[in-house]
Amino acid sequence: MASKIDKRGPSYSQLEEGAKQATPLLHQSAREIQPYGKIARLPIALDEKVCAQSAENLNQALADTITLRDLYKKHHWQVAGHTFYQLHLLFDKHYGEQNELVDSIAERIQSLGAVSLAMAADVAETTIIPRPPRGREEVPAQISRLLEAHEFLLREVRTMAKQASEAGDDGTNDLLVSEIIRTNELQVWFLAEHLVDVPLVRADKAKAAGAAD
Ligand SMILES: [Fe+2]
């Protein structure tokens, strides 16, 4: 004979057990699974030493790219003057492009079996880009500061690209050249043209006359 169905539903003790299972297990901690600076070998046919050297270089490039990215956002917020709207948009466009580079660099580091930098305090300790003042600066100073940061980055990345190429790390070399160098050079051009001192509306007749003499 089939047993009767219990219409009273689950007992109190059953409910209590169910709630226990559904309760999040908070305040957990554990040791790191991989220390910073150590390589977890991945089957990518690259020597561990090559991976470690590339990862060290890329973490430097990452810290500097995060800093340059954030410098763009600072200037996006703090820009002033009659070119406000144009620069407000340009700075944010470059911020977005640098942000994509940040992700590409960090994921390349992880792909090499290394650990990428992530947090602001670690970035601040690592970057070679000079810290700007907290306050607002005039537009020419903002642009000069960005151009100098780009050049710091481009100089070091060219050396890193050469190293990666010589070590046979084509993936890292490709990222450094095709993405980082190309993006930074293009952004430098867009910025630098703002510091060319040409008349806005009326051509400089005095200069033209002087040239004709
Ligand atoms: Fe915004």
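Trainee: When neighbours within four places in sequence are left aside, which residues is Ile-105 in contact with?

Mentor: In this predicted model, Ile-105 is in contact with Leu-58, Ala-61, Leu-62, Thr-65 and Leu-175, once its neighbours within four places in sequence are left aside. The word "contact" is used because the C-beta atoms of two such residues lie within 7 Å of each other.

Trainee: Which residues have the most contacts inside the largest nonpolar core?

Mentor: Ile-105 is again one of them: the largest nonpolar core has 34 residues, and those with the most contacts inside it are Ala-61, Leu-62, Ile-105, Ile-109, Val-157 and Leu-176. The elements that give two or more residues to this core are α2 (48-78), α3 (84-111), α5 (139-167) and α6 (170-192), and α2 gives the most, with ten residues. As a general background, nonpolar side chains tend to be buried together in soluble globular proteins.

Trainee: What makes Ser-116 count as buried?

Mentor: Ser-116 has 21 C-beta neighbours inside 10 Å, and the cut-off for a buried residue is 20 or more, so Ser-116 counts as buried. Ser-116 lies in the loop between α3 and α4 (120-126), and, not counting residues up to four places away in sequence, Ser-116 touches Asn-59, Leu-62, Ala-106, Ile-109 and Gln-110.

Trainee: Why is Gln-110 called partly exposed?

Mentor: Gln-110, which is found in helix α3, has 13 C-beta neighbours inside 10 Å. A residue with 12 or fewer would be exposed and one with 20 or more would be buried, so Gln-110, with its 13, counts as partly exposed. Gln-110 and Ala-40 are 70 residues apart in sequence, while their C-alpha atoms are 9.2 Å apart in space.

Trainee: How do you know that Lys-49 is exposed?

Mentor: The count for Lys-49 is 10 other C-beta atoms within 10 Å, and the limit for an exposed residue is 12 or fewer, so Lys-49 is exposed.

Trainee: Where is His-27 found, and what makes His-27 count as exposed?

Mentor: His-27 is found in the loop between α1 (12-22) and α2. His-27 has 5 C-beta neighbours inside 10 Å, and since 12 or fewer is the limit for exposed, His-27 counts as exposed. Phi of His-27 is near 55°, a positive value in a residue other than glycine.

Trainee: Turning to the helices, why are α5 and α6 called roughly antiparallel?

Mentor: α5 and α6 pack at an angle of about 160°, with their axes 9 Å apart. Angles over 145 degrees count as roughly antiparallel, and α5 and α6 are therefore roughly antiparallel to each other. By class, the contact of α5 with α6 has 16 nonpolar, six polar and two charged residues, and α5 passes α6 in a left-handed crossing.

Trainee: What makes α2 roughly antiparallel to α3?

Mentor: The axes of α2 and α3 come within 8 Å and cross at roughly 160°. The cut-off is over 145 degrees, so α2 is roughly antiparallel to α3. The crossing of α2 and α3 is left-handed, and by class their contact has 14 nonpolar, eight polar and four charged residues.

Trainee: How do you know that α3 and α6 are roughly antiparallel?

Mentor: α3 and α6 pack at an angle of about 170°, with their axes 11 Å apart; as the angle has to be over 145 degrees, α3 and α6 are roughly antiparallel to each other. The contact is made by residues including Leu-101, Ser-104 and Ile-105 of α3 and Leu-175, Glu-179 and Ile-180 of α6. The residues of this contact of α3 with α6 divide into six nonpolar, six polar and three charged.

Technical notes. Residues are numbered from 1 along each chain as its sequence is written. This is a predicted model: local features need pLDDT of at least 70, side-chain atom pairs count only at pLDDT 80 or more; totals for chains, interfaces and linings use all residues. A nonpolar core is a set of buried Ala, Val, Leu, Ile, Met, Phe, Trp, Tyr and Cys residues joined through C-beta atoms within 7 Å. Helices (H or I, at least four residues) and strands (E, at least two) are DSSP runs, numbered from the N terminus. Axes are lines fitted to C-alpha atoms, for helices over the stretch in contact, and angles run from 0 to 180 degrees between N-to-C directions. Angles under 35 degrees count as roughly parallel, over 145 as roughly antiparallel, 65 to 115 as roughly perpendicular and the rest as oblique. A crossing is left-handed if the near helix is turned anticlockwise from the far one by less than a right angle, and right-handed if clockwise. Ala, Val, Leu, Ile, Met, Phe, Trp, Tyr, Cys and Pro count as nonpolar, Asp, Glu, Lys and Arg as charged, and the others, Gly among them, as polar.
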